[in-house]
Amino acid sequence: MANENTNRIVSIDLLRGIVMVIMALDHVRDFIHYGAFFSDPTDLATTTPAHFATRWITHFCAPVFVFLAGTAAYLYGAKQQTKKALSRFLFTRGLWLIFVEIVIVNFGINFDIHFSLIFLQVIWAIGICMLVLAALVYLPMPVIVAFGGLLVAGHNLLDDFSVTGGGPAAYVWYLLHEQNFIPTSPATGFFVVYPLIPWIGVMALGYGLGALYRRGYDGAKRRKLLWQLGLAATALFILLRTFNIYGEPSPWGPQDSAAMSVVSFLNLSKYPPSLLFLLMTLGPALLFLAWSETRFQNPMNAFPIIGRVPFFYYIVHFYLAHLAGVVGVLIAGRPWTDMILGFKGFTQPVLADYGYSLHVVYLVWLLVVVLLFPVCRWYDRYKRTNKDKWWLSYL
């Protein structure tokens, strides 16, 4: 399970590394693909199976990223002498991640020195989740897991509830459960991409998963339990989705072709993630952890290396993907400033006629990952040889 050279759990790093690589595909598509600035690849009226599949495979990234962040929190806490030390770390790292999202990540997304539009995405969500987890760690593990399960399974009961208007109550609701825009002026504001309630639940469940990887836990028992949980989650997804019972605000139905019917079946809500979205993604993730644990033991392969430095990878890949977009607009004969994507860039159709085919998107994605790997390998080596530097635990 854990490799003596890195003292890491290879299967977890492997899964995290795979989803990080896949994630880059989605963000390269955002900056390169024709239609990225005016169409939605999950819109059944306009998408194609190829476009949908390119988007759908990246759906695994955020749930696995947040889930394993909870697992990493447990494993970090297992090395601490007190819950207070773990709680302090989670609280300070949560605050740090919120700052990183607002300043560093958003500049990578927008290249806008005025920060006219701030996206609150996965790093912000992980930051808030860590603040909550900093309090939860004092509770018994069954209570933490039950709390996480309640948020994940029950939050779709709130789907029909909404707060209208632009007052504080509406803004709080947007932060908690409804993707929406919070203005700070007529031409600035925050866009809440990741409403918080279900993500807090996902991290709490991931924290519970960490207990299966504690030192001395029987490996065969862990793998059996991972198989059972993964199969149960996947089967529950299929059952609930087939009959449109519960857990997804948008029912599916037969389409004009078999391929589009499959698209309709798999087309689930991510903002916030519905119960079925999380079952569809985390169920197979648990199965992968069970399957890979005894099959992949080399921690120095590409995916585990990336999986050991996910935060570093995440920050750098946004800048590379955006720079690829700058090259794209220059090749198209447009000014590079078209890729300054502040409030104006996302609210006016400046780039409505810009973009390239999916073939180009995939080629640029591979190039970005190839360029990222040696940098990640260097940083991974630096972290492993400088464990005395406390600040590295925040990166």
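**A walk through the predicted model**

At 7% relative accessibility, Arg 29 counts as buried, where buried means under 20% relative accessible area, exposed over 50% and partly exposed in between (1.4 Å probe, protein chains only). This is a predicted model, in which local features need pLDDT of at least 70, side-chain atom pairs count only at pLDDT 80 or more, and totals for chains, interfaces and linings use all residues. Residues are numbered from 1 along each chain as its sequence is written, and side-chain values use heavy atoms, leaving out hydrogens and water.

Arg 29 belongs to helix H1, residues 10-32. Helices (H or I, at least four residues) and strands (E, at least two) are DSSP runs, numbered from the N terminus. The side chain of Arg 29 forms a polar contact of 3.5 Å with the side chain of Asp 30. A polar contact is a pair of N or O atoms within 3.5 Å; within protein, one must be able to donate a hydrogen and the other to accept it, and residues adjacent in sequence count only if both atoms are side-chain atoms. Leaving aside residues up to four places away in sequence, Arg 29 touches Ala 36, Pro 41, Thr 54, Arg 55 and Val 361; contact here means heavy atoms within 4.5 Å.

Now the whole protein. Its secondary structure comes to 15 helices and five strands. Of its 395 residues, 53% count as buried. Among contacts between residues at least 6 apart in sequence, 73% join residues at least 24 apart. The C-alpha atoms fill a box of roughly 60 × 50 × 45 Å, taken along the principal axes. A compact globule of 395 residues would have a radius of gyration near 21 Å, and the protein agrees with its 21 Å. This radius is taken over C-alpha atoms, and the globule rule is 2.2 Å times the number of residues to the power 0.38.

Some loops hold backbone features to look for. Between helix H10 (258-266) and helix H11 (275-292) is the loop with Pro 272, which a cis peptide bond joins to Tyr 271, with omega about 0°. Phe 115 is in the loop between helix H4 (83-110) and strand E3 (117-120). Its phi is near 50°, a positive value in a residue other than glycine. Phe 115 counts as partly exposed because its relative accessibility is 29%. Asn 244, in the loop between helix H9 (219-242) and H10, also has a positive phi, near 50°. With a relative accessible area of 35%, Asn 244 is partly exposed.
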